[in-house]
Amino acid sequence: MGLNLHNINFFKASEHKKTKKLILFGVGIVCKKFLNNFSKSKVLYLVDNNQSLWGTKFEGIEVKSPKKLKGLKNTEVIIMTTSFVDVIKQVKNINKSLSIKVSDYLRDLINIEFLQNLKKKILISSGLPAINEKNSGGGLYEVDLQGLKWSLRKVYSGTVHGVIKIDNGFAISDSVNGVILLDKNYKIKKKGKYPLNTRAHGIAFDKKNNFFYVACSNTDKIKVFNGNLKLIDTISISDKFKTYKLSQHHINDLCIVDRNLYVSMFSLSGNHKRNIYDGGVYEINLESKKIKNKLYGNLTMPHSIKFLDDSITILDSLKGGLLIGSNPIATFSGFSRGLSSDGTYYYIGQSRNRNFSRINTNKNNVSIDNSILIYDIKNKISRNLYLPFSVSEIHEVMVL
């Protein structure tokens with residue numbers, strides 16, 4: 001339907017001009033609620049498409065045919081029916097000169113309608129092992145959302161965790177090849193060489209120096225690649241890997257803001273292998289390559305540190321929490337990993353939760369589904385685009 005919420009005018013009693021006559025379109029519960037809270041003397045009459053109501057009275061006001069709107073001037077029609085989209089078109093066809101507004105009591109329904117009819121393309125990554133099947137295994141998938149329907153298309157096969165926009169294409173982190181540059185059609189432009197068994201996870205790009213930063217979850221190190229995808233530097237989170245030869249922090253996602261690199265991880269103290277989940281985010285200065293601050297703490301398996309809508313955001317993945325700045329915004333039922341925004345909605349990956357028994361909160365419902373959750377932050381409503389279980393590990397979500 002492509003409804004544009006911004007083009008709908010809502011009626012506000014405080015802004016009503018006394019010189020304008022009012023006609024209410026639609027006889028029912030919404031109309032009754034409106035009349036109980038508004039002066040009936042200001043309403044000229046009611047109209048409705050139900051012929052059996054014509055000539056009767058509702059709440060003491062006469063009901064007429066919509067045809068009576070023809071030829072009227074200086075009149076405002078307030079829509080009271082849930083079929084507001086069709087009614088707006090109907091009124092415009094009868095009399096284009098009429099001012100048309102929608103009852104504020106229908107605002108919730110309109111927000112739902114708008115979310116349900118959203119049209120977007122969304123890119124997701126999956127870190128599952130790569131397999132040569134159409135919609136299964138690791139790689140990049142493009143989701144084409146067309147209102148109530150959506151389709152899934154694999155556009156790149158590989159064990160992919162991170163994906164970012166760059167130039168007129170994308171850069172991804174592949175556990176086999178490290179950094180790979182793709183064009184806008186997802187064709188490979190350039191491959192980097194990458195140390196095996198380090199598990200490339202999140203990726204970030206430093207525009208100033210044309211450097212790529214890749215979080216290596218198996219070694220607690222950040223690999224730095226130049227524009228030619230040559231490995232030029234390594235940043236260690238701590239010395240623990242050198243001692244234990246195993247990941248102790250489990251770093252995963254990255255983002256760059258100004259000259260600082262933000263890194264999310266399962267354990268700030270480096271005790272992930274001891275089942276200490278003191279997760280959070282460290283801030284690293286890009287010039288000194290030293291940790292400056294602890295940005296977040298007390299998170300459980302966090303991912304998706306981002307700079308969205310002028311704010312640092314993070315997903316407290318195991319608990320399903322979304323934090324914007326220092327504010328907890330919402331909690332979702334799945335393992336929340338992968339985050340994007342178009343300025344109106346947040347797009348959040350929900351992966352199959354394999355660690356639900358470790359949640360030590362009062363959460364009494366944990367989802368094992370995998371989906372893209374679209375969250376209307378203003379109205380606190382959401383919808384899910386459910387994905388096949390063959391794409392059960394969502395790592396990155398990017399609205400295109």
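The dialogue below walks through how to read several features of this predicted model.

Biologist: Before we start, what should I know about the numbering and the confidence limits?

Modeller: Residues are numbered from 1 along each chain as its sequence is written, and side-chain values use heavy atoms, with hydrogens and water left out. As this is a predicted model, local features need pLDDT of at least 70 and side-chain atom pairs count only at pLDDT 80 or more, while totals for chains, interfaces and linings use all residues.

Biologist: Thanks! How much space lies in the largest pocket?

Modeller: The general idea is a 1 Å grid over the protein atoms alone: a pocket is an open set of points where a 1.4 Å probe fits, with protein on both sides within 12 Å along at least five of seven lines, and lining residues have an atom within 4 Å of a point. Points are joined across faces, edges and corners, and the volume is the space filled by probe spheres set on them. Here the largest pocket holds about 730 Å³. It is lined by 26 residues, and Ile164, Lys165, Cys255, Ile256 and Phe307 are the closest to its centre.

Biologist: Which elements give two or more residues to that lining?

Modeller: Strands are DSSP runs of E with at least two residues, helices are runs of H or I with at least four, and both are numbered from the N terminus. In this pocket the contributors are β10 (160–166), β14 (200–206), β18 (251–257), β22 (303–308), β26 (335–341) and β30 (394–399).

Biologist: And what is the make-up of the lining by class?

Modeller: Ala, Val, Leu, Ile, Met, Phe, Trp, Tyr, Cys and Pro count as nonpolar, Asp, Glu, Lys and Arg as charged, and the others, Gly among them, as polar. On that scheme the lining has 16 nonpolar, 5 polar and 5 charged residues.

Biologist: Let's look at strand β30. Is Glu396 buried or exposed?

Modeller: Buried means under 20% relative accessible area, exposed over 50%, and partly exposed in between (1.4 Å probe, protein chains only). Glu396 is in β30 and is buried, at 7%.

Biologist: Which side chain makes a polar contact with the side chain of Glu396?

Modeller: A polar contact is a pair of N or O atoms within 3.5 Å; within protein, one must be able to donate a hydrogen and the other to accept it, and residues adjacent in sequence count only if both atoms are side-chain atoms. For Glu396 the partner is the side chain of Lys306, at 2.9 Å. Leaving aside residues up to four places away in sequence, Glu396 touches several residues, including His161, Val163, Lys306 and Gly338.

Biologist: What does the side chain of Ser340 reach?

Modeller: Ser340 sits in strand β26 and is buried at 8% relative accessibility. Its side chain reaches the backbone nitrogen of Val399 at 3.1 Å. Among the residues that Ser340 touches are Tyr345, Tyr346 and Tyr347.

Biologist: Where does Ser238 lie, and which side chain is joined to it by a polar contact?

Modeller: Ser238 lies in the loop between β17 (231–236) and α4 (240–244), and at 24% relative accessibility it is partly exposed. Its side chain is joined to that of His249 by a polar contact of 2.7 Å.

Biologist: Which residues have a positive phi although they are not glycine?

Modeller: Most residues other than glycine have a negative phi. Met301, with a phi of about 55°, is in the loop between β21 (291–299) and β22 and is buried at 3%. Lys380, with a phi of about 60°, lies in the loop between β28 (371–376) and β29 (381–386).

Biologist: Last one: how many disulfides does the structure hold?

Modeller: A disulfide is a pair of cysteine sulfur atoms within 2.5 Å, and the structure holds 0. Take Cys216: the closest cysteine sulfur, in Cys255, is 17 Å away, so it is too far for a bond. Cys216 is also buried, with a relative accessible area of 0%.

Key: Contact means heavy atoms within 4.5 Å.
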